[in-house]
Amino acid sequence: MILSCQNISKAFGTDVILKNASFHIEDREKAAVVGINGAGKSTLLKIIVGELDADSGEAVLSKGKTIGYLAQHQDLESTHTIYEELLSVKQDVLDLEAAMHALELQMKELDGEELETALSQYTRLNHEFEQKNGYACKSEVIGVLKGLGFEEEDFTKMVNTLSGGQKTRVSLGKLLLSQPDLILLDEPTNHLDMNSIAWLETFLLNYSGAVLVVAHDRYFLNRIATKIIEIDAGEVTVFQGNYSDYAAKKAQLREAKMNAWLNQQREIRHQEEVIAKLKSFNREKSIRRAESREKMLEKMEVLEKPSEVRSEMHITLEPKVTSGNDVLTVEHLSKAFGPLTLFTDLNFSIKRGERVALIGNNGTGKTTILKILNGLLDADSGSFTLGAKVRIGYYDQEHHVLHPEKTLFEEISDAYPDLDNTTIRSTLAAFLFTGDEVFKRIADLSGGERGRVSLAKLMLSEANFLILDEPTNHLDIVSKEILEQTLNRYTGTVLYVSHDRYFINTTATRILDLTQGTLVNYIGNYDYYLEKRDLLTPSSSPEAEEKPDTKEVSEGRLDWKQQKEEQARQRKRENDLKKTEAEIFELENRDNEINELLTKEEVYTDVAECLKLHKEQEALKARLEILYEQWEALA
């Protein structure tokens with residue numbers, strides 16, 4: 001066991017966050033903390049790392065173990081470049097390397113016993129350097145940077161010039177490189193694209209230490225978690241398995257509790273009816289029996305009615321007017337910002353009733369496409385056509401469609417002046433805004449609250465074509481599930497951008513992948529997309545890009561020029577593979593030669609020659625380590 005949390009309680013004023021929370025984390029275990037927004041997940045992590053004091057109870061880390069923590073929001077201040085900032089984590093390795101280099105210079109001037117002493121010290125330092133993976137230190141830093149979505153041209157950017165999301169990724173990279181015995185991560189996927197999340201999943205799955213993570217990304221939780229720690233109304237419950245196992249078990253427990261409550265309520269009503277009947281006989285014996293039953297009822301421990309989690313937020317989306325079958329046709333669409341070309345010659349169409357997910361790496365232009373379709377941006381070339389009777393409802397991830405100076409009530413009443421006060425209050429109540437909360441200003445709301453207001457406006461719009469930009473951002477898991485059910489019942493058409501793979505998997509009937517400036521079409525959900533992409537495309541990332549299949553990928557086909565480019569890339573990859581294999585073969589042969597030389601008396605008695613061969617061999621090993629990684633990626 002690496003961490004033991006025993007009877008932790010925490011309250012802020014009258015708001016009880018945690019009640020006697022107890023659980024433990026084993027060595028190498030990957031666990032996740034789940035719960036609705038405000039349940040106390042981040043508070044729990046802060047108590048574990050000592051940033052907050054518990055009112056009672058304690059979190060105990062095993063003796064000699066180290067802990068690393070990544071908070072949701074990072075304000076990293078540094079005068080280093082991104083590369084230097086991550087490399088600073090390996091300062092002990094760099095110091096060892098410097099000490100070894102200094103010894104090498106000294107040994108050139110030494111002989112006899114002094115040389116022997118220096119050589120012995122060098123061997124000890126070199127052993128420690130190898131133990132700390134010193135020869136692969138810099139390639140490890142580069143691997144983490146690329147895994148987290150930084151390109152090589154980003155490495156020299158100054159940390160102080162980065163956005164909040166980029167700083168969070170730098171902080172995450174530093175934490176992963178520091179390799180503590182227990183990693184605590186609070187929403188680590190918020191600022192990562194799909195490829196980076198997939199890389200992080202693989203990293204954590206193979207990580208030799210333990211991991212405790214707070215996340216709303218259910219696909220991520222399904223892949224890495226073997227234990228779910230749920231916080232619900234202050235109570236902490238531990239479930240074995242991943243998120244899907246937890247969700248199934250939770251549903252069973254909720255159903256069992258509801259059945260127990262219903263059975264007890266039936267029994268209470270039955271007893272009350274029997275008591276009333278016995279009393280109506282008005283005989284001494286029957287009255288005594290009635291009184292006996294009344295005493296039994298008084299002693300009964302009445303169960304609380306289980307909360308209906310899914311009834312808290314009510315989203316009803318239904319188009320007032322049915323659109324034509326052809327909802328959207330896009331032809332030859334192109335867009336660039338200065339020298340940066342996002343996409344060229346995009347062509348696709350959407351039919352009534354489809355739920356289409358538009359996916360792709362950060363910066364490829366997904367949100368730009370949605371803004372063009374909503375008339376918020378002009379395309380450089382090309383056009384789009386809306387079908388008959390199509391009415392768009394737009395959900396903007398930055399919530400620019402909301403007015404910061406207005407109250408919630410004004411936001412709805414101004415957008416829909418025909419609605420009476422009761423309807424407006426009822427609509428806001430459906431999205432968990434009740435009482436005086438309806439008079440809060442939009443500017444004072446959290447990201448999740450603004451998302452709920454945008455969804456409320458969308459519900460009232462009676463649109464038949466929903467265009468949604470990251471609709472699950474800032475929503476907790478329960479709210480995401482409610483939104484998924486609502487969209488799956490919706491009889492209109494949906495086009496959305498999302499990084500939430502679980503959400504895509506649950507709702508999408510088709511996926512458009514914006515990659516290399518063009519669209520590739522997949523007739524299926526996210527699992528289907530992964531299956532086809534991995535099968536049809538040479539891997540260049542944790543989840544590689546796919547070349548379209550002519551049968552199942554009917555739109556976004558590669559034209560002749562693109563096919564030639566793809567063939568050229570394939571030939572280059574094969575040539576690189578051959579070159580890498582040849583260099584590995586050459587270096588392995590030289591390594592064997594050095595081993596043979598070191599067995600010869602004229603060599604192992606010559607200290608200077610030994611040292612020279614030893615240095616050459618270490619350099620060989622470092623180069624081979626890099627080549628093996630290259631070979632794996634290419635092969």
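Among contacts in the protein chain between residues at least 6 apart in sequence, 69% join residues at least 24 apart; contact here means heavy atoms within 4.5 Å. This is a predicted model, in which local features need pLDDT of at least 70 and side-chain atom pairs count only at pLDDT 80 or more, while totals for chains, interfaces and linings use all residues. Residues are numbered from 1 along each chain as its sequence is written, and side-chain values use heavy atoms, with hydrogens and water left out.

The overall picture, then. The secondary structure of the protein chain comes to 20 helices and 18 strands. Those are DSSP runs numbered from the N terminus: helices are H or I with at least four residues, strands are E with at least two. Of the 635 residues, 45% count as buried, meaning under 20% relative accessible area with a 1.4 Å probe, protein chains only. The C-alpha atoms fill a box of roughly 120 × 70 × 45 Å along the principal axes.

Now to helix α9, residues 243-281. Its 39 residues reach 57 Å from the first C-alpha to the last, close to the expected 57 Å; the expected span is 1.5 Å times one less than the number of residues. At the N-terminal end, Asn242 is the cap, with a side-chain oxygen 3.2 Å from the backbone nitrogen of Ser244. Buried residues in α9 include Trp261, Gln264, Ile268, Gln271, Ile275 and Leu278. An α-helix has 3.6 residues a turn, so residues three or four places apart point the same way.

Next is helix α10, residues 284-299, whose axis comes within 8 Å of that of α9 and crosses it at roughly 155 degrees. Axes are lines fitted to C-alpha atoms, for helices over the stretch in contact, with angles from 0 to 180 degrees between N-to-C directions. The two helices are therefore roughly antiparallel, the word for angles over 145 degrees. Among the residues that meet across this pair are Ile268, Ile275 and Leu278 in α9, and Ile287, Ala290 and Leu297 in α10.

Last, one residue elsewhere. Thr486 lies in helix α15, residues 477-489. Is Thr486 buried or exposed? Thr486 is buried, with a relative accessible area of 3%. A polar atom of its side chain lies 2.8 Å from the backbone oxygen of Ile482. Not counting residues up to four places away in sequence, Thr486 touches Ile315 and Leu317.

How values were computed
Buried < 20%, exposed > 50% of the residue type's maximum accessible area, 1.4 Å probe, protein only. Polar contact = N/O pair within 3.5 Å; in protein donor to acceptor, adjacent residues only side chain to side chain. Parallel < 35°, antiparallel > 145°, perpendicular 65-115°, else oblique.
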